[in-house]
Amino acid sequence: MTVGTEAPSPPATAPARRRVPVRRRLTRGAAPWVLLAPALILLAVLLLWPLVRVVMLSLQDYRLRNLIRGDSNYVGLENFTKVLTSDFLWSTVLPNTVGFAVVCVVLTMLVGIVVALFLNTLGRAWRSICTAAIMVAWAVPAITGTYVFVWLFDPLNGLVANTLDALGIMEAGSWNWFDDRWAFYAIATANVVYHGFPFIAVTVLAGLGTVPRELYEAAALDGAGAVTRFRSVTVPGIRPILAVCIILSTIWDFKVFTQIYLMPGGDGTNRSVMNLGVWSYSESFAQGLYGMGSAIAVLLTVLLLVISVVYMRTLMKEDEL
Amino acid sequence: MRTAASARRSPRRTAVRVGKFLGVVLILGVSLFPFYWMLSTAVDPNPLGRGASLLPHGFTLEHFRFVLFDAGFVHYLKNSAVVALATVLISAAVALLASVAVARFRFRLRTQVLILVLLVQMVPLEALVIPLFLQARNLHLLNSLAGLVVVYLAFSLPFAIWNLRGFVQAVPKELEEAAYVDGANWSRMFFSVLLPLVTPGLVATSVFSFITAWDEFIFALTFMQEGSKYTVGVGLRTFFTQNTANWGAVMAASTIIAVPVVIFFVLVQGRLASGLTQGAVKG
């Protein structure tokens, strides 16, 4: 095994590096960018440029006729003033979006962590069986999962209504809970938490495996109870993973669209259950007010970015990236 | 030894065992019940009359036959499969190259590129429906499967890059150097050393891209306005709005859509979990 001067692996010492010809140094400098180019171009064209475009649209009174003519119609911040001063935003849409997201994130995290801690106490076989089962809950697509929940809660023929009927609590078909804002969102919460907790559980479970066993033993020797062990060994050990889980589920739960849109009345026909995503969509594609829809979409994006940045600042350290 | 033996018989120990048993039953029950309810409705000859009964009335495949052949789901399945496979192949190739760049090279702006990849995952894609719809309309990409593939690439790429990066980093650098020493050039090393070793990661990532494309709803709803171009999600919604009370058929269609995804998920679960944490914590 002879290491020739031709070996392209970067030599460790400084004098050797100086001998690398300029051309090869350039190629080596360009190599990562060549590899990155397709991905960066796609992301720029498909994510960054539309992001710029949606901001531009939000400053216009862009309607179907502008779409057909292909012209622009700048009106400054008019859409934003309209949205931000509308009673509908503050009394309905924002509470629906924020309240729903907060409840979903808290519940998803709680259920996910409890399930992970529980799975961690099980033997190998049972743990695999349970993991496979919760994987099923995770895997069911949002579209079909939502229809299953709508069917379970069907006011006339669904399982829940008929169970309540059999128990004598209420008569099946007597009340359409999808019309009620609170009941609608309770069902949506069940759907979203059911769909979301497996990711948290599986990720936290994987994280629990990385916490050194000796730490628990040491804590137990020091007389720490289960709660103290959890607080001072488990939580710090899986903190980066918890941070990622909280960030991701907050983002997901703020922009929930499919699970709301596919519920009865959720597509914009029942305005009392609209959230930001559905409002933006229905302004654009049902009313043809693309400018207005874009302004709402921009608000949603800004809200998410602010939350993400605040989270990353507080929950993650630089070196964990 | 003596204490362990007596502990096994102690009531506290029994309580723990019963508690664990109940926990397992609860997890299995809650996780699988909606799926069971979907399956059992799909094969029930009279789902509307089922009431609170946990078992279906009987067994029939009529609902499946109806949605597949009369309601056109065979066609929707084909559209979805084409879109999902194209997304998987292109995004796997592009993401692998990018992840090698960020995992193996030290270059200026590397951290910034990583932050960018992380940040674009936070852009709510729902917010981009409007500009992308207008763009696709101008480029005559509405009602085209290719248009949808292009959009789904943007969805699956950031996660795929982030995820694959962990797998590429896990390959020992010494193996690459050994290949160079043996006279291989970069591309030779890539195909005979790196690629085989990151294949498990590639499989997990591809499954994820597949599921992203297969499950996606809002863009498919917006872009595909002709019935012949519907993907399964849009097909299901259209079918549901036209046959609201036909729960047997809706659940049969849901089963057809959900089963491939569930099978994929359960198959790659181990790799998926390790990939996620690698992406999350590896430096």
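Me: Which residues of helix H12(A) are buried?
Reply: This is a predicted model, in which local features need pLDDT of at least 70 and side-chain atom pairs count only at pLDDT 80 or more, whereas totals for chains, interfaces and linings use all residues. Residues are numbered from 1 along each chain as its sequence is written, while chains are lettered from A and ligands numbered from 1 in the order in which they are written. A helix is a DSSP run (H or I, at least four residues) numbered from the N terminus, and a residue is buried if 20 or more other C-beta atoms, placed from the backbone, lie within 10 Å of its own, exposed if 12 or fewer, and partly exposed in between. In H12(A), the buried residues are Ile241(A), Leu242(A), Val244(A), Cys245(A), Ile247(A), Leu248(A), Ser249(A), Thr250(A), Ile251(A), Asp253(A) and Phe254(A).

Me: How far does H12(A) reach from its first C-alpha to its last?
Reply: H12(A) covers residues 239–254, which is 16 residues. The expected span is 1.5 Å times one less than the number of residues, and H12(A) comes close to that expectation, reaching 22 Å.

Me: Are H4(B) and H9(B) parallel, antiparallel, perpendicular or oblique to each other?
Reply: The axes (lines fitted to C-alpha atoms over the stretch in contact, with angles from 0 to 180 degrees between N-to-C directions) of H4(B), residues 73–104, and H9(B), residues 186–215, come within 8 Å and cross at roughly 140°. Angles under 35 degrees count as roughly parallel, over 145 as roughly antiparallel, 65 to 115 as roughly perpendicular and the rest as oblique. The two helices H4(B) and H9(B) are therefore oblique.

Me: Which helix of chain B gives the most residues to the side that touches chain A?
Reply: With contact defined as C-beta atoms, placed from the backbone, within 7 Å, 73 residues of chain B are in contact with 82 residues of chain A. The largest share of the chain B side, 17 residues, comes from the helix of residues 247–281, H12(B).

Note on methods. Contact = placed C-beta atoms within 7 Å.
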